[in-house]
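Let's take a walk through this protein model one piece at a time. Keep the 3D view open while you read.

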Amino acid sequence: MSIELTIAIIITLVGASTPILFAALGELVVEKSGVLNLGVEGMMLTGAVVGFAVTFETGSPWLGVVAAAFAGAAASMIFAVVTLTLSANQVATGLALTIFGTGFSALFGKAYTGKPLALFRSVFPPELATHPYLKVIFGYSPLVYFSFIMVVAVWWLLRRTRPGLILRAVGENDLSAHSIGYPVIAVRYAAVAFGGAMAGIGGACFPLVLTPQWVEGLTAGRGWIALALVVFAAWRPYRLLAGAYLFGLVGTMELYAKAAGGPFRILPSELWASMPYLATILVLVLISIRRNSNTSAPACLGKPFVPTS
Amino acid sequence: MTLKNTRPMISRRGALKLGAGAAALPLLGSRAFAQKEKVKVGFVLIGTPDDNGWNYGHDQGRLYMLDELGADRVETTVVTNVEEGPDAERVFRELAQQGHDIIYGTSFGFGEYMMNVAPQFPDIKFEWATGYTTLPNMSIYNAKFHEGRTVIGTIAGMMSETGIGAYIGSIPVPEVFMGANAFHLAARKQNPDFITKVVYVDSWFDPAKEADAARALIDQGVDIITQHTDGPAALQVAEERGIIGGFGQGADMSAFAPNAHLSAIIDHWGPYYTKSVKSVLDGTWEESSFWGGIADGEVIIGDYNEKIPADVVAEAERVRKGIIDGSIHPYAGPIVDTNGNVQAEEGDIIDDGEFWAQEAWYAEGIEA
């Protein structure tokens, strides 16, 4: 395989991995706080349509990304009020949020279908961004670099800071955290809002990085892949980064292998398409076999918090 | 899923027709056919009319039909985002129970669900787009998109510099095999060494994956790209990468790729829907299978991009006219497939219906 083709594959792979990385990173923080939000797909679609609309209207993809983050967070607040304040079932509410986001984005996006957009391109000088070799480092949208920064930031927050410790405590044992005076509900609100913002940015990657258009259902199920990825990564940011790129690699290699012809084409494409899910099931099995505290889910995941006193 | 009802609206053309119809009425007297004053028409779509492609085409056909027949005589219901699964059966049944006179299912995968429902409502007409089986109250209709592929394949064969074209397929169904083969055979007439790479994305709708498939193909030498999916994603990548170009599928997509959009295969369902709904109004509807092509005006070749050289346009037009007068056929022999089997001898033609029913094969030079 030539170096040019390798670089081309890497660039496509990075693009394919970035939206699921954002969304999964947000969901990781949400789940670490003990909340299971299955509305990722809905929040991604909300972010995608708002990101498109604001970029289209203002011409600034930066504003589009910020707006997408706020839109995703706003959508997540619906979930937060229902599950955290009203203590409703998180699974049902999350699914409802996905349905809501799908419908809302379709309605809101009506005015924007059939309109092209410019991609959110690399901000490095063209000598670097379009250089045949250096583009593998400099040729990406700013969102890609931002996703790496966020991986480090989330790791640092969860592992090295006091707020991160509180967040994990809330996710592992909400009653204990409550009894020593931590605001469980407030922490979870913050986590859910962060998750929504990240899902919104992940959604905005679709019109800004991958395919510069808005069309209903644009994310085509990537929100579910992001949910699977959190489990795959065993709730660890660095493993999540690796997992996102592994999922992206599988999808990208499928297309490059098919386009190249040759030996890979004997693998049925349905098998390629199911690989992320198969990998997730495999990891779940492995987790179950060698259960230890580092690889299992936050203990309070999905349970409503109802303080006794 | 959303329900959209169109409000009755009398267009100028419809009003004129109404007048003409009223004038002709006394002459006709009583007819044996059960004529109807007004019909309710249901459309079941797999996506939404905003997809700029397949569903857009059907919705444009619906609007054309409403305009032709007059919204005072036709009321339409559009059900969007219906999955090709058991839910489709519920949708067909509900539309039938709501008193629709004719119901169109506009995707291949709706067929089996429609076949479950149709026998329960013998007085209601059902029509299955791109289907393969009829019932006494269920017809099928389709368009010969592959004739359009023959025209754009001609352009691809003449304009490609690398001699490698791509066909991004959705799901491996007969329509897609037919399209890929027609495209490739036409391109090979212009360039005997032409290669067509077929890549399936395993979905009718996943724009990001389509775009990535286009990237994978362009990175490996493809300079002409066609797609058998519903949106402009691949064309946008063609525009971004500055390759020679691609083609709109289902509708003109030049707004998305002004430079790369060479032409388009446009679905024009309007005349068929008009004829079909009119036959319900007249009481003359019967079980049928219609497969219209370029000659019927159901498949239209869009405007040619200005950058296409005049001789290429002339050749494309020659092929298009040849298809209309019958002198050119998409599957004229000799055709050899990828396994070296002769599919058609010199001078033979594989009939469209015959091809549809065949087990899938690809012509020599297709990499799939």
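## Two domains in chain B

Chain B is assigned two domains: domain 1 covers 3-9 + 33-144 + 268-292, and domain 2 covers 145-266 + 300-367. Those bounds come from an automatic or database domain assignment. Taken over C-alpha atoms, the centres of domain 1 and domain 2 of chain B are 29 Å apart. Where they meet, 18 residues of domain 1 of chain B are in contact with 19 residues of domain 2 of chain B; contact means heavy atoms within 4.5 Å.

A quick word on the ground rules. This is a predicted model, where local features need pLDDT of at least 70 and side-chain atom pairs count only at pLDDT 80 or more, while totals for chains, interfaces and linings use all residues. Residues are numbered from 1 along each chain as its sequence is written, chains are lettered from A and ligands numbered from 1 in the order in which they are written, and side-chain values use heavy atoms, with hydrogens and water left out.

## An open sheet in chain B

Now look for the seven strands of chain B that form an open sheet with mixed pairing, in the order S13-S11-S10-S9-S7-S8-S16. Strands (E, at least two residues) and helices (H or I, at least four) are DSSP runs, numbered from the N terminus, and two strands pair if DSSP finds at least two bridges between them. Which strands stand at the edges? They are S13 (299-301) and S16 (366-367) of chain B; each has a single partner strand, so one side of each is left without a neighbour in the sheet.

Strand S8 (residues 195-200) of chain B runs parallel to S16(B), and two bridges join them. Here Lys197(B) sits opposite Glu367(B) of S16(B). In the loop between helix H6 (174-190) and S8 of chain B you'll find Asn191(B). Asn191(B) is buried, at 18% relative accessible area; buried means under 20%, exposed over 50% and partly exposed in between, using a 1.4 Å probe and protein chains only. Beyond its neighbours within four places in sequence, Asn191(B) is in contact with Gly157(B) and Gly163(B).

## Loops in chain B

Ile350(B) is in the loop between strand S15 (342-344) and helix H11 (352-357) of chain B. Is Ile350(B) buried or exposed? It counts as buried, at 3% relative accessibility. Not counting residues up to four places away in sequence, Ile350(B) touches several residues, including His329(B), Tyr331(B), Phe355(B) and Trp361(B).

Another loop, between helix H10 (310-325) and strand S14 (335-336) of chain B, holds Pro334(B). A cis peptide bond links Gly333(B) to Pro334(B), with omega about 0 degrees.

## A helix pair in chain A

Over in chain A, the axes of helix H7 (residues 142-160) and helix H12 (residues 237-260) come within 9 Å and cross at roughly 155 degrees. H7(A) and H12(A) are therefore roughly antiparallel to each other. The residues making the contact include Phe148(A) and Trp155(A) of H7(A), plus Tyr238(A) and Leu241(A) of H12(A).

Check the loop between helix H11 (222-232) and H12 of chain A too, where Ala234(A) sits. Ala234(A) has a positive phi, near 50 degrees, although it is a residue other than glycine, and it counts as buried at 2% relative accessibility. Trp235(A), also not a glycine, has a positive phi of about 60 degrees; at 7% relative accessibility, Trp235(A) counts as buried.

Technical notes. Axes fitted to C-alpha atoms, helices over the stretch in contact; angles between N-to-C directions. Parallel < 35°, antiparallel > 145°, perpendicular 65-115°, else oblique.
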